[in-house]
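Subject: Handover of a structure and the findings in it

Dear colleague,

Please find below the sequence and the structure that I am handing over to you. My notes on what was found follow directly after them.

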Amino acid sequence: MNLARPYLRLPAIVAEPGKGPLPGYQPPFHSENSIRVVSWNLLRQIGATVRDIVHLIHQEKPDLLLMQEATVDIDALPTLIGGHYARSPLPGRIHGVACWSPWPYRRPPMTCTLPSGTLIRRVAQIIECGPFAIANVHLSHGQLLNRRQLRRMSQLLPYRAAILGDFNLVGPTLIRHFRDVGPRAPTHRMADVLPIRLDRCLIRGLACVEQRVIDNYASDHRPIAVRLELLPHK
């Protein structure tokens with residue numbers, strides 16, 4: 001996978017050499033042309049635990065699970081159920097983005113920097129999934145800054161790509177050539193009062209054939225699930 005522009009690569013934490021998942025945690029079939037992705041902001045330390053994640057994987061059996069606000073506690077995931085895992089901490093923070101898959105990665109997930117605000121330096125995780133790439137993001141709260149971060153991701157990724165995660169974004173993304181295809185239902189309750197759709201999925205050169213919000217309340221965010229399929233290359 002060749003990224004379109006130079007980027008600053010940071011090290012990721014890989015818990016241990018990957019191995020096949022335990023029975024009950026693997027999808028019934030595997031295809032490079034179709035992938036089921038689940039994305040979930042865990043709410044660091046006080047939200048979803050590694051046991052909640054194990055339950056979600058057993059229930060949903062994704063080809064790829066993307067996590068935001070993952071801490072060192074989540075590194076136990078492959079020890080509990082097997083699979084292939086990597087975590088990319090935000091510089092200077094206790095949490096970051098992480099991914100798990102029952103299938104071996106073609107190459108280790110990459111970590112790249114995003115435009116940062118004054119307080120938090122943001123990174124994204126890029127996973128090569130056969131003929132396309134998926135970016136796992138946890139964007140800033142500033143509405144101009146998070147759109148700048150999305151524009152950077154759109155420039156880095158190959159033509160066939162998806163961006164998923166916690167966008168912290170209200171309204172349209174305004175990113176050319178990418179379509180917002182995630183579920184339209186709210187995924188987060190702001191201040192425990194206002195339901196809002198912060199968790200999104202953008203795609204380019206792909207089709208979304210399934211999408212839904214998962215009823216799981218271990219975190220202040222509900223997970224989203226999408227099935228993505230290839231479109232003919234232009």
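Glu69 has its place in strand E3; helices (H or I, at least four residues) and strands (E, at least two) are DSSP runs, numbered from the N terminus. This is a predicted model, in which local features need pLDDT of at least 70 and side-chain atom pairs count only at pLDDT 80 or more, while totals for chains, interfaces and linings use all residues. Residues are numbered from 1 along each chain as its sequence is written, and side-chain values use heavy atoms, with hydrogens and water left out.

Phi of Glu69 is near 55°, a positive value in a residue other than glycine. Most residues other than glycine have a negative phi. Glu69 counts as buried, at 10% relative accessibility; buried means under 20% relative accessible area, exposed over 50%, and partly exposed in between (1.4 Å probe, protein chains only).

Asn168 also has a positive phi, near 50°. Its place is in the loop between strand E9 (161–166) and strand E10 (179–180). With a relative accessible area of 8%, Asn168 is buried.

**Salt bridges**

Side chains of opposite charge can pair when their charged atoms come close. The whole structure holds 11 salt bridges, each being a side-chain nitrogen of Lys or Arg within 4 Å of a carboxyl oxygen of Asp or Glu. Three of them are described here, beginning with the one that involves Glu69.

Arg44 and Glu69 meet through their side chains in a salt bridge (2.8 Å, N to O). This pair links distant parts of the chain, 25 residues apart: Arg44 is in the loop between E2 and helix H1 (50–60), and Glu69 is in strand E3 (residues 64–70). Arg44 counts as partly exposed at 30% relative accessibility, whereas Glu69 counts as buried at 10%.

A salt bridge also joins the side chains of Glu32 and Arg106 (2.7 Å, N to O). Glu32 lies in the loop between strand E1 (9–10) and strand E2 (34–41), and Arg106 in the loop between strand E5 (96–101) and strand E6 (110–113), so the pair ties together parts that are 74 residues apart in sequence. Glu32 is partly exposed, with a relative accessible area of 41%, while Arg106 counts as exposed at 52% relative accessibility.

Arg107 forms a salt bridge with Glu128, and their closest N and O atoms are 2.9 Å apart. Because Arg107 lies in the loop between E5 and E6 and Glu128 in strand E7 (residues 123–129), this pair ties together parts that are 21 residues apart in sequence. Arg107 is partly exposed, with a relative accessible area of 38%, and Glu128 is buried, with a relative accessible area of 10%. Salt bridges that share partners join Glu32, Arg106, Arg107 and Glu128 into one network.

How many of the residues of E2 are buried? Eight of its eight residues are, and E2 is mostly covered. In a regular strand the side chains alternate between the two faces of the sheet. Ser34, Arg36, Val38 and Trp40 point one way from E2, Ile35, Val37, Ser39 and Asn41 point the other way, and all are buried.

Two strands pair if DSSP finds at least two bridges between them. E2 pairs in the antiparallel sense with strand E15 (residues 224–230) over six bridges, and Ala225 in E15 is the bridge partner of Val38. E2 and E3 run parallel and are joined by five bridges, with Gln68 in E3 as the bridge partner of Asn41. The chain crosses from E2 through H1 to E3, and this β-α-β crossover is right-handed (with the strands pointing away from the viewer, the path from the first strand over the helix to the second runs clockwise).

Yours sincerely
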